[in-house]
Amino acid sequence: MSTMSKKNEARLNSALELLFYGYRAFTALPDEILAERKLARVHHRILYFVARDPGLSVNKLLSRLCVSKQALNAPLRELQERGLVISVASEQDRRVKCLNLTEEGMALEAQLSASQHKLLSSIFNICGPEAETGWRMVMTALANNSPDKLQR
């Protein structure tokens with residue numbers, strides 16, 4: 001077991017707090033919009049990825065979200081029941097289900113992402129291109145590390 005210096009621990013705790021507070025600010029408005037519809041962040045993530053890749057297969061969505069079929073089943077079914085997402089069989093393989101947003105699903109996803117686009121744009125404009133580049137480097141490094149790699 002490694003011991004961490006108090007200074008290093010304080011530095012990392014400060015970074016964690018900033019991440020928590022930043023994420024709270026980033027998700028605040030979308031969370032309000034979702035709550036009005038009795039939906040959650042998982043629904044937003046599904047809408048986001050399907051919007052960016054129309055015809056996305058369920059298996060690809062599972063891979064992008066890093067969740068199990070069981071974890072995806074209920075929120076995806078709910079989005080379909082509400083008429084926000086449709087599932088159609090792939091033309092190449094009828095066993096593969098491909099997902100698309102309905103017009104209502106596209107409108108909701110656009111509303112949810114617009115608030116986040118606005119926030120990021122504002123912050124990037126205030127902090128400048130060097131800060132944006134640094135932020136992207138950190139976020140890319142985090143995104144490329146699976147939990148099992150980080151535990152080592």
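Reader: Is Lys 38 buried or exposed?
Author: Lys 38 is exposed, with a relative accessible area of 68%. Please bear in mind that this is a predicted model.

Reader: Where is Lys 38 found?
Author: Lys 38 is in the loop between H1 and H2. Its phi is near 60 degrees, which is a positive value in a residue other than glycine.

Reader: And what is Lys 38 in contact with, leaving aside its neighbours within four places in sequence?
Author: Under that condition, Lys 38 is in contact with Glu 78 and Arg 82.

Reader: How many Å apart are Lys 38 and Asp 93 in space?
Author: From C-alpha to C-alpha, Lys 38 and Asp 93 are 34 Å apart, and in sequence they are 55 residues apart.

Reader: What about phi of Cys 66?
Author: Phi of Cys 66 is near 55 degrees, again a positive value in a residue other than glycine. Cys 66 is placed in the loop between helix H3 (58-65) and H4.

Reader: Why does Cys 66 count as exposed?
Author: Cys 66 counts as exposed because its relative accessibility is 70%, and the cut-off for exposed is over 50%.

Reader: Let us turn to charges. How many salt bridges does the count come to?
Author: The count comes to eight salt bridges. In general terms, side chains of opposite charge can pair when their charged atoms come close.

Reader: Which side chain meets Arg 41 in a salt bridge?
Author: That is the side chain of Asp 31, at 2.5 Å from N to O. The pair links distant parts of the chain, with Arg 41 in helix H2 and Asp 31 in helix H1 (residues 6-36), 10 residues apart.

Reader: How accessible is Arg 41, and how accessible is Asp 31?
Author: Arg 41 is partly exposed, at a relative accessible area of 32%. Asp 31 also counts as partly exposed, at 24% relative accessibility.

Reader: What does the side chain of Glu 104 meet in a salt bridge?
Author: The side chain of Glu 104 meets that of Arg 37, at 3.5 Å from N to O. Glu 104 lies in helix H5 and Arg 37 in the loop between H1 and H2, so this pair ties together parts that are 67 residues apart in sequence.

Reader: Relative accessibility for Glu 104 and Arg 37, what are the values?
Author: Glu 104 has a relative accessible area of 40% and is partly exposed. Arg 37, at 30% relative accessibility, counts as partly exposed.

Reader: Which residue forms a salt bridge with Arg 95?
Author: Arg 95 forms a salt bridge with Asp 93, and their closest N and O atoms are 2.9 Å apart. Arg 95 is exposed, with a relative accessible area of 72%, whereas Asp 93 counts as partly exposed at 24%.

Reader: Changing topic to packing: at what angle do H2 and H4 pack?
Author: Helix H2 (residues 41-52) and helix H4 (residues 69-81) pack at about 70 degrees, with their axes 10 Å apart. H2 and H4 are therefore roughly perpendicular to each other, since angles of 65 to 115 degrees count as such.

Reader: Which residues make the contact?
Author: H2 contributes Val 42, His 43, Ile 46 and Leu 47, and H4 contributes Leu 72, Pro 75, Leu 76, Glu 78 and Leu 79.

Reader: Where does Ala 89 lie?
Author: Ala 89 lies in strand S2 (residues 85-89). Ala 89 is partly exposed, with a relative accessible area of 24%. Leaving aside its neighbours within four places in sequence, Ala 89 is in contact with Arg 94, Val 96 and Lys 97.

Reader: One last item. Which residues make the nonpolar surface patch of about 270 Å²?
Author: Leu 119, Ile 123 and Ile 126 make that patch. Ile 123 is found in helix H5 (residues 103-127), and it is partly exposed, with a relative accessible area of 40%.

Notes:
Residues numbered from 1 in each chain as written. Predicted model: local features only at pLDDT ≥ 70, side-chain atom pairs only at ≥ 80, totals over all residues. Heavy atoms only, no water. Patch = residues over 30% accessible without salt bridge, like charges linked within 9 Å, V, L, I, M, F, W, Y side chains within 5 Å. Areas by Shrake-Rupley, 256 points an atom, 1.4 Å probe, with all protein chains shown as cover. Salt bridge = Lys/Arg side-chain N within 4 Å of Asp/Glu carboxyl O. Helix = DSSP H or I, 4+ residues; strand = E, 2+ residues; numbered from the N terminus. Buried < 20%, exposed > 50% of the residue type's maximum accessible area, 1.4 Å probe, protein only. Axes fitted to C-alpha atoms, helices over the stretch in contact; angles between N-to-C directions. Parallel < 35°, antiparallel > 145°, perpendicular 65-115°, else oblique. Contact = heavy atoms within 4.5 Å.
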